[in-house]
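User: I would like to learn how to read the features of a protein model, one at a time. Could you walk me through it?

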Amino acid sequence: MTDPTTEGYTVAPEEVEAMVRNLCAYALGEPDPMQRYEDLTYQQVLFDGIAAALRRERGRALADLLVSGMPVAEVAAKTHLAAEARVRKLISLAGETERVKAAARPPAPAKAVKAAKAKEQPVDETTASPVPATDKRMLTSAERIALGLPADGPIPRAEPAKPAKPVRRRRAAA
């Protein structure tokens with residue numbers, strides 16, 4: 001079965017035969033015909049999976065081109081896919097449709113973003129904390145005690161180590 005997304009690319013029969021010999025040498029050398037059949041069938045299924053994985057990776061590469069700003073028509077022309085629908089199909093198979101759509105959306109104007117954030121979080125000056133909120137968590141008194149630290153106040157820090165004095169050895173009496 002021919003994949004329409006690979007039109008324009010050809011492989012010589014000798015190249016295919018060489019690849020089969022290289023990748024399936026063990027199965028081809030099997031003396032038992034039934035075992036040889038089983039091994040080759042398994043490898044065919046494996047290679048079908050590899051072909052599907054290659055299709056997905058090609059779709060990811062196309063998505064990267066579109067995200068970088070290249071127009072779909074140009075991608076179709078430069079990749080010999082000839083049609084934008086083929087480009088979109090490979091991107092869809094790769095699961096990259098949402099990423100491409102997100103990159104294609106125009107960025108929101110800075111004023112609109114700032115106004116939206118101001119609407120989301122009204123600030124009450126009387127209850128506003130003087131300490132900016134962070135994602136870091138403070139230890140409770142019980143947690144500090146469990147760690148062997150004082151319940152409150154600064155955490156004691158160890159003094160820096162002093163350099164070691166050179167060791168003098170006695171000379172053995174001769």
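Analyst: Here is a short tour, from the overall fold to the salt bridges. This is a predicted model, in which local features need pLDDT of at least 70, side-chain atom pairs count only at pLDDT 80 or more, and totals for chains, interfaces and linings use all residues. Residues are numbered from 1 along each chain as its sequence is written, and side-chain values use heavy atoms, with hydrogens and water left out.

User: How many helices and strands are there in the protein?

Analyst: Helices (H or I, at least four residues) and strands (E, at least two) are DSSP runs, numbered from the N terminus. Here the protein has 8 helices and 0 strands, and along the sequence the pattern reads α-α-α-α-α-α-α-α.

User: What percentage of the residues in the protein is buried?

Analyst: Buried means under 20% relative accessible area, exposed over 50%, and partly exposed in between (1.4 Å probe, protein chains only). Of the 174 residues in the protein, 13% are buried. Thr 5, in the segment before helix H1 (13–23), is buried with a relative accessible area of 3%. Contact means heavy atoms within 4.5 Å; leaving aside residues up to four places away in sequence, Thr 5 touches Arg 58, Leu 81, Arg 86 and Leu 90.

User: Which residues make up the largest nonpolar core?

Analyst: In soluble globular proteins, nonpolar side chains tend to be buried together. A nonpolar core is a set of buried Ala, Val, Leu, Ile, Met, Phe, Trp, Tyr and Cys residues joined through side-chain atoms within 4.5 Å. The largest one here has 11 residues: Leu 62, Ala 63, Leu 66, Val 72, Val 75, Ala 76, Leu 81, Val 87, Leu 90, Ile 91 and Val 100. Helix H3 (33–67), helix H4 (72–78) and helix H5 (84–93) each give two or more residues to this core. Within it, Ala 76 touches Leu 81 and Val 87, among others, not counting residues up to four places away in sequence.

User: Where is Ser 68 found, and is Ser 68 buried or exposed?

Analyst: Ser 68 is in the loop between H3 and H4 and counts as exposed, at 58% relative accessibility. A polar atom of the Ser 68 side chain lies 2.7 Å from the backbone oxygen of Leu 65. The C-alpha atoms of Ser 68 and Ala 103 are separated by 8.4 Å, although the two are 35 residues apart along the chain.

User: How many salt bridges does the count come to?

Analyst: Side chains of opposite charge can pair when their charged atoms come close. A salt bridge is a side-chain nitrogen of Lys or Arg within 4 Å of a carboxyl oxygen of Asp or Glu, and by this rule the count comes to 7. In one of them, Glu 57 pairs with Arg 60, with the closest N and O atoms 2.5 Å apart; both lie in helix H3, 3 residues apart, about one turn of the helix.

User: What does the salt bridge between Asp 64 and Arg 99 tie together?

Analyst: Those two side chains meet at 2.7 Å, N to O. Asp 64 lies in helix H3 and Arg 99 in helix H6 (residues 97–104), so the pair ties together parts that are 35 residues apart in sequence. Both are partly exposed, Asp 64 at 41% and Arg 99 at 35%. A network of salt bridges links Glu 57, Arg 60, Asp 64, Glu 96 and Arg 99.

Definitions and conventions
Polar contact = N/O pair within 3.5 Å; in protein donor to acceptor, adjacent residues only side chain to side chain.
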